[in-house]
Every structure is written in C-alpha cells, then in structure tokens.
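Work through the exercises below with the sequence and the model open. Try each task before reading its solution.

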Amino acid sequence: MTDAQDPSAAARRSRLVVLAGPTAVGKGTVAAEVRATHPEVWISVSATTRQPRPGEENGVHYWFVSDDEFDRMVADGDLLEWAVVHKAARYGTPRQPVDLALASGRPAMLEIDLQGARQVRRTMPDALFVFLKPPSWEELVRRLVGRGTESAEERTRRLETAREELAAETEFDVTIVNHEIHAAAEELVALMKPSPTDL
Ligand code: 5GP
C-alpha cells in the first residue's frame with residue numbers, strides 16, 4: 001500500500017534532515033553529539049571505501065567496504081546518493097535503512113558531503129537541508145590542522161574543497177553556526193521536532 005492509500009502511514013512518516021557543510025566544520029562531531037544525547041534520532045551509517053581510522057568500528061561509524069562491494073551497491077541501486085569525497089574515497093548512503101526509519105516516524109538524519117546533499121535534494125526535495133558553518137574561515141583552518149589525522153597533501157586538498165563548499169550555503173534551507181558542539185546539536189534536534197502546523 002502506498003502512503004496515498006494509507007493516510008495514517010503518510011502522517012506517521014518523518015521528514016528527513018540532511019546535514020552538510022564544509023570539511024572539518026564538525027559535522028561528524030555534531031552528529032556524534034546527537035547520537036549520544038538523543039537516542040530517539042536515527043542517524044544513517046554510510047558505506048565508504050576509505051580505511052577505518054583508529055577507534056572506528058564497522059557498522060557504527062561507517063560500513064567499511066571494498067571497491068568491488070561499493071560497485072555492487074551502486075549497480076544494484078542500493079544507495080540513495082554517493083560521491084567521491086576529497087578525490088580520495090567513495091561514500092554513500094544505504095537507501096533501505098533511510099526508508100525504514102522515515103516510515104517508522106523516527107526523526108532521521110544524514111551527515112553527508114555537499115555533492116551528496118545535492119543528489120538528495122533532487123530525489124527527496126521535501127527533506128530539510130541544514131548547512132553547518134564554521135564561526136570563521138580561520139577557525140575552520142585551525143580545526144582542520146588541529147585534527148592531525150591527515151597528511152599535509154590531504155589537508156591542502158580538503159581546504160580547497162572547503163573553500164568551494166562554504167559558497168554553497170545559499171542552497172540550504174537553514175544554517176547553523178558551529179560555535180559550540182552541544183549547542184549546535186541541540187539546534188539541529190530542535191529542527192526535527194514537528195512544527196505545530198504539522199500536528
Ligand atoms: P571522513 O572521511 O572524515 O569520515 O568523512 C569525509 C567526508 O565524507 C565528510 O565530509 C562526510 O560528511 C562525508 N560523508 C560521509 N558519509 C557520506 C555519505 O554517505 N555520502 C556522502 N556524499 N558523503 C559522506
């Protein structure tokens with residue numbers, strides 16, 4: 001049965017929130033804060049072809065897959081969106097878990113890059129697109145260098161990407177400035193609560 005035939009299913013369905021923003025703005029950290037403080041929010045686990053960093057767990061932070069496995073997911077239409085990020089590895093959002101979360105009425109969010117957000121905008125225009133912005137360019141550079149997990153070459157590549165990505169703010173429905181992680185996470189979760197007109 002489709003939602004049109006079953007109005008109660010349509011009413012129950014939640015609205016997807018897509019969080020994007022420049023590299024190193026803290027999207028992953030804000031998403032982790034939401035995960036820790038708001039277990040009612042469902043957060044998509046992406047598939048990626050990059051290697052796990054120390055402490056990252058398969059199925060928790062990402063699904064770490066081979067190039068062949070990623071090819072298969074793309075060919076089978078298993079991904080809602082996917083992109084090559086920082087010209088380095090492929091990342092994609094498994095489609096079915098998103099559908100299930102939305103159908104259950106749970107607040108649901110994706111934390112993805114700008115290219116991915118643009119794809120979701122085309123296929124799911126009703127989603128809410130949230131841009132996470134650094135307090136300043138200097139702060140973004142400081143955070144990127146401070147993370148210390150990338151080589152100098154990788155950092156330069158990510159900064160180039162970040163400069164382009166900052167210009168995309170106008171494509172988004174809402175901007176959150178990431179002054180402080182907890183406050184940014186709370187602002188994000190507040191956007192997921194149904195507005196009085198939806199009730
Ligand atoms: P990292 O390698 O630092 O975990 O993530 C690198 C970038 O990949 C981040 O900007 C993150 O938002 C993006 N990313 C993570 N998962 C996905 C995904 O499923 N799709 C897309 N398009 N980007 C993703």
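The model is predicted: local features need pLDDT of at least 70, side-chain atom pairs count only at pLDDT 80 or more, and totals for chains, interfaces and linings use all residues. Residues are numbered from 1 along each chain as its sequence is written, and side-chain values use heavy atoms, with hydrogens and water left out.

**Exercise 1. The ligand site**

Task: Find which residues come nearest to the ligand, and describe the shell around the ligand.

Solution. 

Step 1. Sort the shell by residue type. Ala, Val, Leu, Ile, Met, Phe, Trp, Tyr, Cys and Pro count as nonpolar, Asp, Glu, Lys and Arg as charged, and the others, Gly among them, as polar. The shell then divides into five nonpolar, four polar and seven charged residues.

Step 2. Look for strands that take part. Helices (H or I, at least four residues) and strands (E, at least two) are DSSP runs, numbered from the N terminus. At least two residues of the shell come from each of β5 (79-85) and β6 (89-94).

**Exercise 2. Polar contacts and cover**

Solution. 

Step 1. Apply the cut-off for a polar contact, a pair of N or O atoms within 3.5 Å; within protein, one must be able to donate a hydrogen and the other to accept it, and residues adjacent in sequence count only if both atoms are side-chain atoms.

Step 2. Take the side chains. An N or O atom in the side chain of R50 is 2.7 Å from an oxygen atom of the ligand. For R53, a polar side-chain atom is 2.9 Å from a ligand oxygen atom.

Step 3. G92 places a backbone N or O atom 3.2 Å from an oxygen atom of the ligand.

Step 4. Read the cover. On its own the ligand has 510 Å² of accessible area (Shrake-Rupley method, 1.4 Å probe; for residues, only the protein chains shown count as cover). The protein covers 93% of that area.

**Exercise 3. The two sides of α4**

Task: Which residues of helix α4 are buried, and which residues are exposed on the face turned away from them?

Solution. 

Step 1. Set the classes: buried means under 20% relative accessible area, exposed over 50%, and partly exposed in between (1.4 Å probe, protein chains only).

Step 2. In α4, residues 95-104, the buried residues include V98, A101 and L102. Seen down the helix axis, the buried residues of α4 fall within an arc of 95 degrees, so they line one face of the helix. The arc is that of the directions from the helix axis to the C-beta atoms.

Step 3. Turn to the face away from the buried side, which carries the exposed residues Q96 and L100.

Step 4. P97 counts as partly exposed, at 34% relative accessibility.

Step 5. Follow the chain on. Just after α4, G105 takes a positive phi of about 85 degrees.

**Exercise 4. A positive phi**

Task: Is A24 buried or exposed?

Solution. 

Step 1. A24 sits in the loop between β1 and α2. Although A24 is not a glycine, its phi is positive, about 65 degrees.

Step 2. A24 has a relative accessible area of 14% and is buried.

Definitions and conventions:
Near = heavy atom within 4 Å.
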